[in-house]
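Trainee: I should like to learn how to read salt bridges and a helix in a model. Could you take me through one case?

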Amino acid sequence: MEKVTIKDIAKVANVSYATVSRALSGSSEIGEATRDRILKICDEMKYIPDSVARSMVKRRTNILGLVTASINNPFMSELIEEIEITAREHGYNLMVCNSSYDVELEKRQFSLLLGRRVDGIIIIPVGHDTSASLSQYSSDIPTVYVSESLQDTNDHYVSIDNVVGGKIGIEYLKAKGHEKVLYLGRRPGSVTHKLRSEGAIEASASLGVRLQFQDNEEGGKSSSQVGYQLAKKYFENPSDNTAIFCASDALAIGVMQAADEKGIRIPEDISILGFDNITFSSLPRIGLTTVAQRKKDMAEAAVKMILDMIQGSEEDMKNQILSPVLVERTSCREV
């Protein structure tokens, strides 16, 4: 089946090639009735715009690239969805690449997107070192990092205030009467985890809360499986903590599973607090109280930032750090 061209549309509509182009571009130089008639003919003839040719003329593809550390991570997948929705609202499509927590693959995916001539690239990075790893490429294209605090770099980024998030969690537990808390799942080498735990440590010291740690020493991802294994190990020889503050919601869900297998009731026997506010946290059987990352606000800030860079706006912000908020459900009780 031959591809329908603009010239074919012009012939059927009995208008010039330029008039069809103006109708397709939404130009105000033609009347609304003419535009509607031409667009209807395009639909009837199943015309598909040649986006490659158009991008060569406009020198823009209206496509944003996105490299994510994981598409399986619930928080990241939900953040990607918000970024895609926001980009679409601004007339951009999103091309997503998965780096699977592999720094070398992350570089290859970034290079692939450059080859695809995307207008800008958003990165949910493997870790803090991604900035240095991609520096040879990122200077060639508008680039914004999301969900990683990069205060010590010159990169554009959007993140939440993880130190404040750690404080919010401990302050909430203290207000509930918890004075002995286990912080579970801190991952050595992760700046995000470092900042969250620093906030928890600072709040614990000022409020008189005893804070113990069970770290994710294996360097694994903050998944429910990791949370399950860490909790199983803890429940074999538990201390007198009345609450567990998990470094992510995925970890917290794993802790809940391990507790259920041990016959430990939540929140009657122990309270569980998460961090992220993924969709699963709100399910009735889970009801996880959590420190929420504002995914929609992060997505809107990141897309606005990268569009400002693409358009050469002098008002573009170098970074934006958003405050997290507490979402209370049923997994924490008064002591």
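This is a predicted model: local features need pLDDT of at least 70, side-chain atom pairs count only at pLDDT 80 or more; totals for chains, interfaces and linings use all residues.

Mentor: Residues are numbered from 1 along each chain as its sequence is written, and side-chain values use heavy atoms, with hydrogens and water left out.

Trainee: How many salt bridges does the structure hold?

Mentor: A salt bridge is a side-chain nitrogen of Lys or Arg within 4 Å of a carboxyl oxygen of Asp or Glu. The structure holds 17 of them. One of the pairs is Arg186 with Asp215, whose closest N and O atoms are 2.9 Å apart.

Trainee: Which parts does the pair of Arg186 and Asp215 tie together?

Mentor: Helices (H or I, at least four residues) and strands (E, at least two) are DSSP runs, numbered from the N terminus. Arg186 lies in the loop between β6 (180-184) and α10 (191-207), and Asp215 in the loop between β7 (210-214) and α11 (224-236), so the pair ties together parts that are 29 residues apart in sequence.

Trainee: Is Asp215 buried or exposed?

Mentor: Buried means under 20% relative accessible area, exposed over 50%, and partly exposed in between (1.4 Å probe, protein chains only). Asp215 counts as buried at 18%, whereas Arg186 is partly exposed at 22%.

Trainee: Where do Asp240 and Arg210 lie?

Mentor: Their side chains meet in a salt bridge of 2.7 Å, N to O. Asp240 lies in the loop between α11 and β8 (243-246) and Arg210 in strand β7, so this pair ties together parts that are 30 residues apart in sequence. Asp240 is partly exposed at 40%, and Arg210 is partly exposed at 31%.

Trainee: Which residues are linked with Lys176 in a network of salt bridges?

Mentor: Glu328 and Glu334 are linked with Lys176 in that network.

Trainee: What span should the 17 residues of α10 have?

Mentor: The expected span of a helix is 1.5 Å times one less than its number of residues. For α10 this gives 24 Å, and its end C-alpha atoms are 24 Å apart, which agrees. After α10 comes Gly208, with a positive phi near 75°.

Trainee: What covers the buried residues of α10?

Mentor: An α-helix has 3.6 residues a turn, so residues three or four places apart point the same way. Among the buried residues of α10 are Leu195, Arg196, Gly199, Ala200 and Ala203. Their cover, judged by contact (heavy atoms within 4.5 Å), includes α9 (162-175), β6, β7, β8 and β9 (271-276).
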